[in-house]
Amino acid sequence: MTTQKAVALRVSNLLVKNHLTQYALCKKIAMPEETLRSIIDERYKTVKLDTIILICDGFDISLQEFFNDDLFKRENLEVE
């Protein structure tokens with residue numbers, strides 16, 4: 001899977017786990033809804049690390065916790 005798909009799935013899974021809507025997360029971290037929607041819909045070829053850090057802040061998790069998921073195991077990722 002692509003890294004953008006892995007990020008999109010991770011954010012989607014965290015939204016479900018934390019019982020948050022995209023709108024609620026965006027309000028919490030002052031991110032435009034379109035930005036988050038574009039990440040989840042995989043419209044961005046890459047996602048800035050700063051953006052992922054902001055998303056982590058919204059879920060009250062560290063960057064390490066965000067990437068500590070099987071989605072990000074090297075054997076699961078296609079890197080261009």
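Threonine 51 counts as buried because its relative accessibility is 18% (buried: under 20% relative accessible area; exposed: over 50%; partly exposed: in between; 1.4 Å probe, protein chains only). The model is predicted, with local features needing pLDDT of at least 70 and side-chain atom pairs counting only at pLDDT 80 or more, while totals for chains, interfaces and linings use all residues. Residues are numbered from 1 along each chain as its sequence is written, and side-chain values use heavy atoms, without hydrogens and water.

Threonine 51 lies in helix α4. Helices are DSSP runs of H or I with at least four residues, numbered from the N terminus. Beyond its neighbours within four places in sequence, threonine 51 is in contact with Met31 and Ile39 (contact: heavy atoms within 4.5 Å).

Helix α4 spans residues 49-59 and packs with helix α2, residues 22-29, at an angle of about 105°. Their axes are 9 Å apart. Axes are lines fitted to C-alpha atoms, for helices over the stretch in contact, and angles run from 0 to 180 degrees between N-to-C directions. The two helices α2 and α4 are therefore roughly perpendicular (65 to 115 degrees). From α2, Leu25, Lys28 and Ile29 meet Leu54, Ile55, Asp57, Gly58 and Phe59 of α4.

Helix α3 covers residues 33-40. Its buried residues are Leu36, Ser38, Ile39 and Ile40. They pack against α1 (3-17), α2 and α4. Just after α3, glutamate 42 adopts a positive phi of about 60°.

Key:
Parallel < 35°, antiparallel > 145°, perpendicular 65-115°, else oblique.
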